[in-house]
Amino acid sequence: MQRRGALALGGAGVAALLALLGLRVLDDGCDGAGCTARTPENTAVASDATETSTTSDRSVDASIDHVEDILRQIDAELPSATSEEERELTG
Amino acid sequence: MKRRLRIGTVTLVALLTVGSAHLAASPSAQHPWSPVAFRPSVDQDPTATSAPGEALDRLKRLGATAIGQRLDSLGALRGSLTRAIGVSDTDRAALLDDIAATVAGLEAVRTAIAAGTTFRTVSDAVANIVDGYRAYSVLVPKVHLVIGAGLVDQAADVLDDANAQLVSLVDDEAARELLATSSAAVARARAAVAALASSVLDLDATGWPGNEVALDDGKRALVSARSDLGDALGSTAEVASSVEIATG
């Protein structure tokens, strides 16, 4: 029992050290607070989260491209939004 | 005696020629039928170098060319306005009516010019191309300002949506601050053009040149909004880039 407790403390110590070093172990379901057993359910939840995140990234990327395109259109409008008195006089 | 008379006539003709050339060069010396004294394209007295019939034809051609240029520009403008995103249906309809009225008016002027038989009537019609419609001074700029304001609103909507998505993906304070900076810039851009369309929509040739002030103010508002949107995009893109790095 004592041996099992010592092992658990050791595992927690290594995890804490990794956390301090900024190394988060994501693949095996472990982090600085301990480990979560990998089950089909939580693997699926993790996949959903990744999928949602990736979809959002793509959506944001598309939005940024869209805004860049709109800004180019505004740039194209600006010269024509100038009163062209000279052209009026000579046209 | 005959010889002396001939010399006298030649001298008189020479003096008249020099005198009329001097008068033509003087800005204050305008024929009463001169279309618009300050307008370079119709400023010269066509009869000075041409027979009266030729001068009338030349003035008619000049008027037809000026009208053709405006009708081409207004056709392109109508297309741009029809395709423009972010312009309200009401504003679009009002501006399309303005364009249609100007086109109809210029076409009537073209008919009047073609039918004109005296220099006076044709020169009045030519002057009316500019003074009566101000297509290039007022109509074209105001339509582009309204289109620009609509584009600002569109870009602001897209940026607000992107910022809302990113807020749910980031978990550090610096990224949240960047998103707040972006949202504030988007709000400034919206505010800059909020009254732009309504401030220029009713401008027409009758208010020239006073209404140029409203057009200049509108241009400044659009430039300011464009600058804010550029800043907002920079902040949003920076956060989006950090999210991509974090999620691999």
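Chain A comes to 3 helices and 2 strands, counting as helices the DSSP runs of H or I with at least four residues and as strands the E runs of at least two, numbered from the N terminus. This is a predicted model, in which local features need pLDDT of at least 70 and side-chain atom pairs count only at pLDDT 80 or more, while totals for chains, interfaces and linings use all residues. Residues are numbered from 1 along each chain as its sequence is written, with chains lettered from A and ligands numbered from 1 in the order in which they are written.

Read along the sequence, chain A goes α-β-β-α-α. Chain B, by contrast, has 8 helices and 0 strands, giving the pattern α-α-α-α-α-α-α-α. Of the 91 residues in chain A, 10% are buried; in chain B, with 248 residues, the figure is 34%. Here a residue is buried if 20 or more other C-beta atoms lie within 10 Å of its own, exposed if 12 or fewer, and partly exposed in between, with C-beta atoms placed from the backbone. Among the contacts in chain B with a separation of 6 or more, 75% link residues 24 or more positions apart, a contact being a pair of residues whose C-beta atoms, placed from the backbone, lie within 7 Å.

Now for the helix packing in chain B. Two packed helices are described by the angle between their axes and the distance between the axes. Helices α5 (residues 135-167) and α6 (residues 173-193) of chain B pack at about 160 degrees with axes 10 Å apart; the axes are lines fitted to C-alpha atoms, for helices over the stretch in contact, and angles run from 0 to 180 degrees between N-to-C directions. The crossing of α5(B) past α6(B) is left-handed, that is, the near helix is turned anticlockwise from the far one by less than a right angle, whereas clockwise would be right-handed. On the α5(B) side, the residues in contact include B:Ala149, B:Val152, B:Ala156 and B:Leu159, while α6(B) brings in, among others, B:Leu179, B:Ser182, B:Val186 and B:Ala189. The residues of this contact split into 10 nonpolar, 3 polar and 4 charged, where Ala, Val, Leu, Ile, Met, Phe, Trp, Tyr, Cys and Pro count as nonpolar, Asp, Glu, Lys and Arg as charged, and the others, Gly among them, as polar.

The pair α2(B) and α3(B) has axes that come within 10 Å and cross at roughly 165 degrees, so these helices are roughly antiparallel to each other. The crossing of α2(B) past α3(B) is left-handed. Residues such as B:Ile67, B:Leu71 and B:Leu74 in α2(B) are among those meeting a set in α3(B) that includes B:Leu95, B:Ile99 and B:Leu106.

Leaving aside neighbours within four places in sequence, B:Leu159 is in contact with A:Val67, B:Ser182, B:Val186, B:Ala232, B:Leu233 and B:Thr236. Also in α5 of chain B is B:Ala162, which counts as buried because it has 28 C-beta neighbours inside 10 Å. Not counting residues up to four places away, B:Ala162 touches A:Val60, A:Ser63, A:Ile64 and B:Thr236. B:Ala162 and B:Leu179 sit 17 residues apart in sequence and 9.5 Å apart in space, C-alpha to C-alpha. Another α5(B) residue, B:Ser137, counts as buried with 24 C-beta neighbours inside 10 Å.

Two backbone details turn up in the loops. B:Arg134, between α4 and α5 of chain B, has phi near 50 degrees, a positive value in a residue other than glycine. B:Arg134 is buried, with 27 other C-beta atoms within 10 Å. In the loop between α7 and α8 of chain B lies B:Pro209, and the peptide bond from B:Trp208 to B:Pro209 is cis, with omega near 5 degrees.

How values were computed:
Two residues are in contact if their C-beta atoms, placed from the backbone, lie within 7 Å. Angles under 35 degrees count as roughly parallel, over 145 as roughly antiparallel, 65 to 115 as roughly perpendicular and the rest as oblique.
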